[in-house]
Amino acid sequence: MSGKRPRTQRRVEERAARKLVRDKERLFELSVGGSQERPIEVPSTSVIELRVEDVIRCIQCTGQYRIRAHEAPASGIRRVDVTCRHCGAPRSLWFRIVSDEPN
Ligand SMILES: [Zn+2]
């Protein structure tokens, strides 16, 4: 154990931690809800905010989200901009309204 260099070790750990954060964000973007191409399907707009605050958790720390904005960039598509209440990470969640009613 002699001759170890704690500062270097700490840098290595910090770099690994940052990489893990980036990897998780990338994974999130590829997962359902992480992009407009892969939205979470919901039966109506009214369930979106409930789901964001009660069901979906921050990918970094499993904290609860706070909704900052709720946008409709396209017909039947909703984007909810959120911030994690715990770690403060900003993120956008994508939804698609899948209704059984004929349009
Ligand atoms: Zn978080």
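Biologist: How many bridges join β3 to β4, and which way do the strands run?
Modeller: Seven bridges join β3 to β4, and the two run antiparallel. Strands here are DSSP runs of E with at least two residues, helices are runs of H or I with at least four, and both are numbered from the N terminus. Two strands pair if DSSP finds at least two bridges between them. This is a predicted model: local features need pLDDT of at least 70, side-chain atom pairs count only at pLDDT 80 or more, and totals for chains, interfaces and linings use all residues. Residues are numbered from 1 along each chain as its sequence is written.

Biologist: What stands opposite Ile77 in β4?
Modeller: Arg96 does. The hairpin of β3 and β4 has five residues between the strands, and Gly88 in the turn has a positive phi of about 80°.

Biologist: And how do β2 and β3 pair?
Modeller: Strand β2, residues 65–74, pairs with β3 in the antiparallel sense over seven bridges. His70 has Val80 in β3 as its bridge partner. Two residues lie between the strands of that hairpin, where Gly76 takes a positive phi near 80°.

Biologist: What is the strand order in the sheet?
Modeller: The order is β1-β4-β3-β2, in an open sheet of four strands with mixed pairing. β1 (40–42) and β2 are the edge strands, each pairing on one side only. On average, neighbouring strands are turned by 30° against each other, direction ignored; the axes are lines fitted to C-alpha atoms, and angles run from 0 to 180 degrees between N-to-C directions.

Biologist: Switching topic, which residues make up the largest nonpolar core?
Modeller: Eight residues: Ile40, Val52, Cys58, Tyr65, Val80, Val82, Leu93 and Phe95.

Biologist: What is Ile40 in contact with?
Modeller: Leaving aside neighbours within four places in sequence, Ile40 is in contact with Val32, Gly33, Trp94 and Phe95. Contact means C-beta atoms, placed from the backbone, within 7 Å.

Biologist: Now Arg7. Buried or exposed?
Modeller: Arg7 counts as exposed because there are 7 C-beta neighbours inside 10 Å. Buried needs 20 or more other C-beta atoms within 10 Å, exposed 12 or fewer, and partly exposed is in between. Arg7 is found in helix α1, residues 6–30.

Methods. Core = buried A, V, L, I, M, F, W, Y, C linked by C-beta atoms within 7 Å. Contact = placed C-beta atoms within 7 Å.
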